[in-house]
Amino acid sequence: MEDRILIGQRIKSAREKQKLSQEQLGSLMGVSFQSVQQWESGKTTPRSARVRKLATVLKTTPNWIQFGMGTATSENLDDILKTVRSDEFRHQMCDAFAKTIQSSMNMGWINISKPDVSMAILADLYYSKVLEQYGLEPNGDKQTEQEPLQRADKS
C-alpha cells in the first residue's frame with residue numbers, strides 16, 4: 001500500500017514539473033483524468049506498459065516512477081537515452097549479457113537446448129528489454145532492426 005502512495009506522489013510531482021493538469025496527462029496517456037487521480041492518490045497504480053509511456057510523457061524514467069531510483073527530471077534524461085541507444089552501449093550490454101549466459105551454461109545453471117537460439121539472438125532480446133525499461137520502443141529503434149550482433153557467441 002505504501003508503495004502505491006509513493007508511486008502516486010512521484011507521478012504527481014513529475015506531472016506538476018511538466019505543468020500538466022490531470023486532464024492533460026490523462027489525454028496524453030489515453031486514460032481518464034480519474035485514472036490519473038487514482039494513481040496519484042495511491043488507490044491504483046499504472047500497469048508496467050503504461051508506466052513506460054507515463055515516464056516518456058513525464059520526461060523521466062520508469063525506474064524513477066516505480067522505485068524512486070534514477071533521475072526524476074529530464075535534466076540528464078536526453079543524455080541517458082542517447083547513451084542507451086548508442087551502438088557502443090548496445091555492444092557493451094550484449095557482450096556482457098552473452099558472457100553471463102555463457103558462464104551460466106558452463107556452470108550448469110542453465111541449459112539452452114534449442115539449436116536455432118544463438119547468444120546473439122538472446123543478447124538482442126535482452127537489449128530490446130533494456131530499451132523498454134527506458135520507455136523506448138525497441139521495434140521502432142533502428143538499432144534493434146539490425147542483424148543480430150556477432151559477439152561472444154564462439155562456444
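Met107 is placed in the loop between helix 7 and helix 8 (119–133), helices being DSSP runs (H or I, at least four residues) numbered from the N terminus. The model is predicted, so that local features need pLDDT of at least 70 and side-chain atom pairs count only at pLDDT 80 or more, while totals for chains, interfaces and linings use all residues. Residues are numbered from 1 along each chain as its sequence is written, and side-chain values use heavy atoms, with hydrogens and water left out.

Met107 is partly exposed, with a relative accessible area of 48%; buried denotes under 20% relative accessible area, exposed over 50%, and partly exposed the range in between (1.4 Å probe, protein chains only). Together with Trp109 and Ile110, Met107 makes a nonpolar surface patch of about 360 Å². Such patches consist of residues with over 30% relative accessible area and no salt bridge, nonpolar side chains (Val, Leu, Ile, Met, Phe, Trp, Tyr) being joined within 5 Å and like charges within 9 Å. A salt bridge places a side-chain nitrogen of Lys or Arg within 4 Å of a carboxyl oxygen of Asp or Glu, and accessible areas come from the Shrake-Rupley method with a 1.4 Å probe, for residues with only the protein chains shown as cover.

Just after helix 7, Gly108 adopts a positive phi of about 80 degrees. The end C-alpha atoms of helix 7 (residues 87–106) are 28 Å apart, in agreement with the 28 Å that its 20 residues should span at 1.5 Å a residue; the expected span is 1.5 Å times one less than the number of residues. Buried positions in helix 7 include Phe89, Met93, Phe97 and Ile101, as well as Arg90 and Gln102.

The largest nonpolar core has 16 residues, of which Ile11, Leu25, Met29, Trp39, Leu54, Leu58 and Ile65 touch the most other members. A nonpolar core is a set of buried Ala, Val, Leu, Ile, Met, Phe, Trp, Tyr and Cys residues joined through side-chain atoms within 4.5 Å. Two or more residues each are given to this core by helix 1 (2–17), helix 2 (22–29), helix 3 (33–41), helix 4 (48–57) and helix 5 (62–67). Helix 4 gives the most, with four residues. A second, separate core of 14 residues includes Leu81, Val84, Cys94 and Ile101.

Most residues other than glycine have a negative phi. Lys19, in the loop between helix 1 and helix 2, has a positive phi of about 55 degrees and is exposed, with a relative accessible area of 72%. Lys59, in the loop between helix 4 and helix 5, likewise has a positive phi of about 55 degrees; Lys59 is partly exposed, at 40%.
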